Every structure is written in C-alpha cells, then in structure tokens.
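Please look over the sequence and the structure below before reading on. The report that follows moves from the parts of one chain to the contact between the two chains.

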Amino acid sequence: MNLTLILFIVLAVVAVAAAIGLLVSRNTVYAALFLVLNYASVAVFYLLLGAPFIALVQVTVYAGAIMVLFLFVIMLLGAEKLPKAKVLPWQRPVAIGLAALLLVEAGFLLFKRLTTISTPLANPDASVNTTGSLQTLGMALFNQYLLPFEVTSILLLVAMVGAIVLTKKEKGEQG
Amino acid sequence: MVDTIPLSWYLAISAALFTMGALGVLIRRNPLIIFMSIELMLNSANLAFVAFARSFNVLTGQIFVFFVMTVAAAEVAVGLALIVIIFRNKHSIDVDLMNSLKG
C-alpha cells in the first residue's frame with residue numbers, strides 16, 4: 001500500500017470522526033475543539049491536493065481566527081448547557097432519515113459518474129504545481145480576480161462595522 | 001510523488017462531511033453548534049472545490065475557496081454578534097425560544 005493512500009484513509013477517518021463528535025457532544029467547547037480537529041485534517045487534505053496556500057489559510061483563518069471567535073462567544077455566554085426541553089418527537093428520526101437520503105443521493109451521483117471521475121488525479125502541470133502555485137495564485141488573484149478581491153475587503157469591513165453596531169449598548173440601556 | 005487517490009474519494013469525503021453538517025443543523029438546538037455545522041458544510045464545499053481544481057488542473061477552484069473563506073469569516077462575525085444580543089435580550093440561546101420577531 002502506498003503512503004499517500006494510508007495518509008488519506010487515516011485523515012478521512014479523523015475528519016469524519018471529528019464531524020460526528022461535533023454532532024454528538026453535549027458540551028459546546030468540546031464541539032468547537034472537534035471542529036478544529038476537522039479543520040486541521042481538511043488542511044492536510046489540501047496539502048495532499050497540492051494547495052499549500054489554501055491549507056495555511058485554512059489553519060490560520062478557520063482553525064485560528066474563527067474558532068477563537070467561537071470559543072470567545074462560548075465563554076461569554078457561560079458555556080450554557082441547554083436543558084433537555086420538550087423536543088419535537090419526530091424531529092430527530094426525520095432529520096436522520098433526510099440526511100441518509102442526502103448521503104445516498106450524493107453516493108448515487110458519484111457512482112453514476114464513476115467512469116469520468118475515478119481516474120487517479122494526474123500530476124499537475126508545472127504551472128499549477130506546488131512550487132509555482134503561490135505565485136500563480138497571487139497573479140490570478142490580483143489580475144483576473146482583482147474586483148472580487150476588493151469587494152471582499154468591503155464585505156469584511158461591512159461585517160466588522162455590523163458586528164460592532166449590533167453588540168454596542170445603546171445610550172441609557174441597562175446592562 | 002505519484003498521486004493514486006481518485007477524485008471520487010475526495011468527493012465522497014466532502015459529501016459525508018456536508019451530510020454531517022446538514023444533520024447538525026437539523027438536530028441540534030444550540031445555535032452555536034448549528035453555526036459550527038454551517039461552517040462544516042462550507043468546509044466540505046471547499047474540499048470539493050480544491051479537489052476539482054486539482055483534477056482539472058486549474059487554479060480558479062482555489063481562488064473560489066479563498067473567497068468562500070472570507071465570506072465565512074464575515075458571516076461568523078455577524079452571526080455571533082446576533083447570538084450575543086439574543087442572549088442579552090432573552091438570557092438564553094435556545095433556538096426554540098426564538099419564535100417571535102419582536103425582541
């Protein structure tokens with residue numbers, strides 16, 4: 001068995017197990033840590049796929065910034081454990097059934113197109129290869145995709161202002 | 001390094017992670033975990049993007065992932081702010097309590 005295959009299988013198991021852990025954990029902090037584990041394993045998938053820049057952005061932005069924000073809010077809200085209140089009794093089985101349906105559907109599509117997508121990934125061109133990848137990515141981002149890039153910065157600014165305005169206490173408001 | 005892993009395997013992982021995310025949105029009642037499940041779904045879509053980018057030897061998929069990550073960051077900032085003010089008004093974050101538009 002080749003090394004990449006072993007790595008892939010281990011990573012797949014870790015990623016799916018972390019996702020299941022996120023679903024079943026009662027404690028919100030544990031759920032957040034499971035999500036970090038999932039992000040880390042997906043980052044290694046990106047490395048396997050020859051996308052080192054995306055992998056690093058995944059670790060810094062997702063596992064770093066976004067999860068710190070999540071943990072911060074969890075701590076702020078006191079890691080509240082929701083009481084087991086009256087749930088809709090049919091909600092869980094129906095949800096699991098629908099999710100299984102979604103999975104079967106995706107699997108069906110995969111197997112139907114198996115001939116076109118089951119060919120092993122070819123070694124990428126020199127232009128898209130890992131060593132030149134960052135440079136090519138930067139050239140594409142700042143030439144072809146310059147306008148979306150700038151719009152993204154405005155989007156981030158709007159989100160920042162929005163978050164501040166939403167959480168700001170109004171004048172004279174209690175606590 | 002000769003890569004022997006077919007594209008369909010990556011797509012299968014992506015589909016599995018997306019299903020977990022959708023299931024999390026449906027069965028959990030803690031808005032923070034619902035939020036994390038949405039992030040999980042975005043993440044699985046990103047994985048599919050990068051796998052396709054590798055398969056078709058184009059960089060556009062990776063650039064798209066970059067934009068998706070930015071949008072996810074903006075979404076998390078605003079969404080968590082909303083959760084914080086809901087907690088401030090209702091002193092609980094149970095989604096079952098959020099059934100009225102008036103605070």
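What distance separates the centres of domain 1 of chain A and domain 3 of chain A, taken over C-alpha atoms? The two centres lie 22 Å apart, where the domain bounds come from an automatic or database domain assignment.

This is a predicted model, in which local features need pLDDT of at least 70 and side-chain atom pairs count only at pLDDT 80 or more, while totals for chains, interfaces and linings use all residues. Residues are numbered from 1 along each chain as its sequence is written, and chains are lettered from A and ligands numbered from 1 in the order in which they are written. For the complex, the predictor gives an ipTM of 0.89 and a pTM of 0.86. Chain B has a mean pLDDT of 86, with 94% of its residues at 70 or more; pLDDT is the predictor's confidence in each residue, from 0 to 100.

**Chain A and its domains**

Chain A has 7 helices and 0 strands, both taken as DSSP runs numbered from the N terminus (helices are H or I with at least four residues, strands are E with at least two).

| Domain of chain A | Residues |
|---|---|
| domain 1 | 1-80 |
| domain 2 | 91-120 |
| domain 3 | 128-168 |

Of the 175 residues in chain A, 22% are buried, where buried means that 20 or more other C-beta atoms lie within 10 Å of the residue's own, exposed means 12 or fewer, and partly exposed is in between, with C-beta atoms placed from the backbone.

**The largest nonpolar core**

A nonpolar core is a set of buried Ala, Val, Leu, Ile, Met, Phe, Trp, Tyr and Cys residues joined through C-beta atoms within 7 Å. The largest one holds 63 residues, and those touching the most other members are Ala19(A), Leu22(A), Leu35(A), Tyr46(A), Leu32(B), Met36(B) and Val50(B). Among the elements that give two or more residues to this core are helix H7 (146-167) of chain A and helix H2 (31-56) of chain B. Because domain 1 (1-80) and domain 3 (128-168) of chain A both give residues to this core, it lies between them.

Val50(B), leaving aside neighbours within four places in sequence, is in contact with residues of both chains, including Tyr46(A), Ile54(A) and Val65(B); a contact requires that the C-beta atoms of two residues, placed from the backbone, lie within 7 Å. H2(B) has 26 residues, of which 19 are buried, and spans 38 Å from its first C-alpha to its last, close to the 38 Å expected at 1.5 Å a residue, a figure found as 1.5 Å times one less than the number of residues. Just after H2(B), Asn57(B) takes a positive phi of about 60 degrees.

**Where the chains meet**

The contact takes 73 residues from chain A and 61 residues from chain B. H3(A) gives the most to the side of chain A that touches chain B, with 11 residues. That side has 57 nonpolar, 13 polar and 3 charged residues, with Ala, Val, Leu, Ile, Met, Phe, Trp, Tyr, Cys and Pro counted as nonpolar, Asp, Glu, Lys and Arg as charged, and the others, Gly among them, as polar.

Leu69(A) lies in helix H3 of chain A and, not counting residues up to four places away in sequence, touches Val76(B) and Leu80(B). Leu69(A) is partly exposed because 16 other C-beta atoms lie within 10 Å.
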